[in-house]
Amino acid sequence: NIMFIKGLMILFLSCITIRLNFCISSIPSSLKSLPLEGHFSFDEFDLKKAARDFGNRYQSFPMTVLHPKSVSDISVTIKHVWNLGPNSQLTVAARGHGHSLQGQAQAHGGVVINMESLNKVDEMKVYAGGEFAYVDVSGGELWIKILHETLKYGLAPRSWTDYLHLTVGGTLSNAGVSGQAFRHGPQISNVLKMEIVTGTGEVVNCSKEENVELFYSVLGGLGQFGIITKARILLEPAPTMVKWIRVLYADFTAFTRDQEKLIFAEKGFDYIEGFVIKNRTGLLNNWRSSFNPQDPVQASKFKSDGRTLYCLELAKYFNHQETFAVNQDVEKHLSHLNYIPSTLFQTEITYVDFLDRVHISEVKLRSKGLWDVPHPWLNLLIPKSKIHNFAEVVFGHIVKETSNGPVLIYPVHKSKWDNRTSVAIPNEDIFYLVAFLASAVPSSNGCNGLEYILSQNKRILEYCERAHLGVKQYLPHYTTQEEWETHYGPKWQILLQRKSIYDPLAILAPGQGIFQKSI
Ligand code: FAD
């Protein structure tokens with residue numbers, strides 16, 4: 001009898017296995033039979049590309065890559081996955097330009113949607129006539145292309161990232177922060193309208209007036225609530241030139257006092273950032289920048305000599321006919337600052353070259369094979385009241401040098417961030433973005449090695465937690481549900497509710513590791 005029961009169990013289990021295998025193996029053919037204008041690719045090259053990202057540390061192979069030719073392709077695919085129900089493990093990740101750091105745009109065994117296939121420049125439409133100028137773009141559009149297209153109308157987006165070879169959907173899923181954010185807020189504060197494909201495959205338009213909850217859910221939503229297929233981005237008149245300035249401080253208090261003064265200044269600078277220099281020679285030795293001051297010899301001779309220095313980086317936009325007035329304005333603002341007097345470095349470059357400055361360095365690094373290395377980046381948002389404690393411990397003791405990549409630091413106003421979006425930010429009127437943007441040199445065991453940088457990041461995070469600084473990670477990465485709950489704090493319940501409405505089976509953006517299919 002026991003043998004008989006055992007036999008029945010084995011038969012039962014193998015039936016389940018055969019059925020499961022059948023289900024899994026029938027998925028590709030069921031996908032292939034969907035009525036699409038674009039296509040699914042099972043090509044090894046495509047799968048490999050979708051399995052990696054800029055961070056170059058996490059690798060998850062999808063089952064297939066969708067190259068959509070229309071929004072309907074995305075909707076049909078997600079509807080199909082939705083109809084497979086909770087027992088199917090299939091997930092879907094939108095992939096913008098794949099510049100995530102820890103596999104956020106990957107989908108293990110799932111469908112990766114190559115959003116850049118949706119782009120067609122002739123679909124970008126600029127509207128200059130009404131109350132606001134804006135541009136309608138595809139969610140897979142690169143910001144650099146938007147810049148070039150809008151400049152044809154003398155216009156440009158108001159808020160940027162430091163690097164423009166990123167997609168609209170990718171940066172709006174995070175926030176999109178750069179030196180203009182103190183004035184205009186992050187990119188998610190500069191969107192008028194979006195078209196979204198939700199986790200049930202529905203195509204929905206949303207704005208501050210229409211489907212309001214979806215609009216705010218998706219902005220800063222880490223891809224959890226829908227795929228951004230179109231966005232309407234606010235524009236402003238574009239300048240032609242930029243006055244680009246760097247000044248140095250040895251005193252952190254004087255540095256942050258000036259940064260904070262400048263973000264309140266009327267008719268002040270158009271861009272305000274800053275970075276930390278430790279055990280490095282020269283102001284030019286910075287991969288992230290093509291800064292080429294009028295007195296390069298002096299700038300390159302500048303030695304930090306073991307000291308920690310703080311570089312305030314400013315930019316003022318202008319057109320040629322305004323040169324005189326702009327110089328006067330800049331002089332006036334600089335005269336109120338307390339930087340080391342001999343350390344004023346200036347240059348003038350075109351607006352496009354200024355905005356696209358990191359790409360110039362990318363080209364140089366690529367030529368040396370130093371672009372596709374691991375990037376163990378750490379981005380933090382730190383309340384103003386705790387920035388001195390942070391600097392004392394982190395720049396004073398934990399970080400020994402900044403030669404493996406820039407460490408950015410600059411303040412922004414919380415009032416320019418809309419609390420209804422999904423992004424988690426510190427609860428203080430002013431907070432700082434501090435970005436440790438290290439590149440790990442392959443085969444290095446020292447300060448430039450991957451293990452060293454990762455353990456430094458860990459020490460920084462442990463300190464922030466121990467000291468209760470109220471820090472939030474930007475471009476967050478956590479491995480447990482508890483950590484995500486802590487990250488979102490009071491917003492966690494709102495997030496759960498949003499997920500249950502817009503992606504109830506947790507199909508979307510599995511690489512973020514927040515929700516498991518199905519919750
Ligand atoms: P991906 O990496 O492809 O995707 C990121 C996430 O968004 C994934 O979860 C993905 O599933 C989701 N996603 C992608 N497209 C869509 C869509 N259409 N709809 C919904 N979800 C989508 N960030 C800043 O804020 N400021 C900076 O100055 C800045 N500088 C950077 C410089 C460099 C060199 C790099 C590599 C990154 C920088 N970033 C910066 C970070 C960057 O904004 C994010 O990593 C962003 O997500 C990258 O965009 P992407 O198009 O490559 O997105």
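Predicted model: local features only at pLDDT ≥ 70, side-chain atom pairs only at ≥ 80, totals over all residues.

Colleague: Start with α13. Which of its residues are buried?

Modeller: Ile387, Phe390, Ala391 and Val394 are buried in α13, which spans residues 387-398. They lie on the same side of the helix, because they cover an arc of only 95° around the axis. The arc is that of the directions from the helix axis to the C-beta atoms. Buried means 20 or more other C-beta atoms within 10 Å of the residue's own, exposed means 12 or fewer, and partly exposed is in between, with C-beta atoms placed from the backbone. Helices (H or I, at least four residues) and strands (E, at least two) are DSSP runs, numbered from the N terminus.

Colleague: And which residues are exposed on the other side of α13?

Modeller: His388, Glu392, Gly396 and His397.

Colleague: What covers the buried residues?

Modeller: The cover includes α8 (252-262), β15 (378-383), β17 (430-436) and α14 (450-466).

Colleague: At what angle do α13 and α14 pack?

Modeller: The angle is about 155°, and the axes are 11 Å apart. That makes the α13 and α14 pair roughly antiparallel, a label for angles over 145 degrees; under 35 is roughly parallel, 65 to 115 roughly perpendicular and the rest oblique. Axes are lines fitted to C-alpha atoms, for helices over the stretch in contact, and angles run from 0 to 180 degrees between N-to-C directions.

Colleague: Which residues meet there?

Modeller: Val393, Val394 and Ile398 of α13 meet Gln456, Arg459, Ile460 and Tyr463 of α14. Contact is C-beta atoms, placed from the backbone, within 7 Å.

Colleague: Switching to β12. How many of its residues are buried?

Modeller: Seven of the eight residues in β12 (271-278) are buried. β12 pairs with β13 (308-318) in the antiparallel sense over eight bridges, and tyrosine 271 stands opposite alanine 315. With β16 (407-413), β12 has an antiparallel pairing over two bridges. Pairing needs at least two DSSP bridges between the strands.

Note on methods:
Residues numbered from 1 in each chain as written. Contact = placed C-beta atoms within 7 Å.
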